[in-house]
Amino acid sequence: MCLKSSLFGIGRFVFKVSIMDENTAKYYSANSTSISERYDKASGGVDKYFSTAFVAGSRIIDVGCGNGRDLKLLLSGGFDASGIDACAEFVDLFNTNNAEYPGRMRVEYLPELKSVEDKSFDGVLCSAVLM
C-alpha cells in the first residue's frame, strides 16, 4: 500500500506531512501494473534535459519516481541515480523487472529519507510529482 502520511520532528515541534490522499494511494496500489505499462509507453521528454540540468556522473535522487521510467534513463545515461516512491507496488515492479539496478529504488518519501544514509545529492528530479 502507498504511504499516505509521515510524522517528523524539528526540535520540539512535530509536523505531519501528507504524502498523498487516501483515494490516490488506493488507486496507485490497485492499478500499479497498468499505470506502469502506460508510463513506459509515454514519452516524458524530461530526459532530454538531464545533461543540461545535471553534471555527468553526478548523484541524483528521483523523488516520486513512479515506476522508475526516468530513473532508468538517468542510470543508463551514466548518472549515479536513486529513486524513491511512496507506492510499494511501483517499487516492487521496478525491482522485479530491473535486476540490473539492485537497490536503486526504495519505498521512501520526503522529508525523512530514512533509507538513504548519506542524504546529500548533486541534483533532484521531481517530474510529474507536484500535482
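Buried means under 20% relative accessible area, exposed means over 50%, and partly exposed lies in between, with a 1.4 Å probe and protein chains only. By that definition, D70 and R69 are both buried. The model you have open is predicted, so local features need pLDDT of at least 70 and side-chain atom pairs count only at pLDDT 80 or more, while totals for chains, interfaces and linings use all residues. Residues are numbered from 1 along each chain as its sequence is written, and side-chain values use heavy atoms, with hydrogens and water left out.

**Stop 1: the sheet**

Helices (H or I, at least four residues) and strands (E, at least two) are DSSP runs, numbered from the N terminus. Two strands pair if DSSP finds at least two bridges between them. Show the strands and find the open sheet of four, which runs in the order 5-4-3-6 with parallel pairing. Which strands stand at the edges? Select 105–107 for strand 5 and 123–125 for strand 6; each has a single partner strand, so one side of each is left without a neighbour in the sheet. Neighbouring strands here are turned by 25° against each other on average, direction ignored. Strands of a sheet pair through backbone hydrogen bonds, either parallel or antiparallel.

Now select residues 59–63, strand 3, and residues 80–85, strand 4; the two pair in the parallel sense over five bridges. Two of the partners can be picked out by residue: V63 has I84 as its bridge partner in strand 4, and I61 has S82 there. Four of the five residues of strand 3 are buried, so strand 3 is largely enclosed by the rest of the structure.

**Stop 2: helices on the sheet**

Two terms are needed here. Contact means heavy atoms within 4.5 Å. Axes are lines fitted to C-alpha atoms, for helices over the stretch in contact, and angles run from 0 to 180 degrees between N-to-C directions.

Select helix 4, residues 88–97, which lies across strand 4 and strand 5 and runs at about 155° to strand 5. Return to strand 3 and strand 4, which pair over five bridges. Then select residues 69–76: this is helix 3, which packs on the sheet and touches strand 3, strand 4, strand 5 and strand 6. The direction of helix 3 makes about 170° with that of strand 4.

**Stop 3: aromatic rings**

Rings of Phe, Tyr and Trp (its six-membered ring) pair if their centres lie within 6.5 Å; planes under 30 degrees apart count as stacked, over 60 as edge-to-face and the rest as tilted. How many aromatic pairs does a search of the whole structure find? It finds six. Select Y39 and F90, a tilted pair with 6.1 Å centre to centre and 35° between the planes. Y39 lies in helix 1 (residues 22–41) and F90 in helix 4, so the pair ties together parts that are 51 residues apart in sequence. Is F90 buried or exposed? F90 is buried, at 2% relative accessible area, while Y39 is partly exposed at 29%.

Next, select F50 and F79: the ring centres are 6.4 Å apart and the planes stand at 85°, so this pair is edge-to-face. F50 belongs to helix 2 (residues 50–53) and F79 to the loop between helix 3 and strand 4, so the pair ties together parts 29 residues apart in sequence. F50 is buried at 6%, and F79 is buried at 9%.

**Stop 4: charges**

A charge sits over a ring if NZ of Lys or CZ of Arg is within 6 Å of the ring centre and within 35 degrees of the ring normal. Select R59 and F121: the charged end of R59 sits over the ring of F121, 4.4 Å from its centre.

A salt bridge is a side-chain nitrogen of Lys or Arg within 4 Å of a carboxyl oxygen of Asp or Glu. The whole structure holds three salt bridges. Select K72 and D40, whose side chains meet in one of them at 3.9 Å, N to O. K72 is in helix 3 and D40 in helix 1, distant parts of the chain, 32 residues apart.

Move to D70 and R69, with their closest N and O atoms 3.3 Å apart. Finish at D80 and R104, where the closest N and O atoms of the salt bridge are 2.8 Å apart. D80 lies in strand 4 and R104 in the loop between helix 4 and strand 5, so parts 24 residues apart in sequence are tied together.
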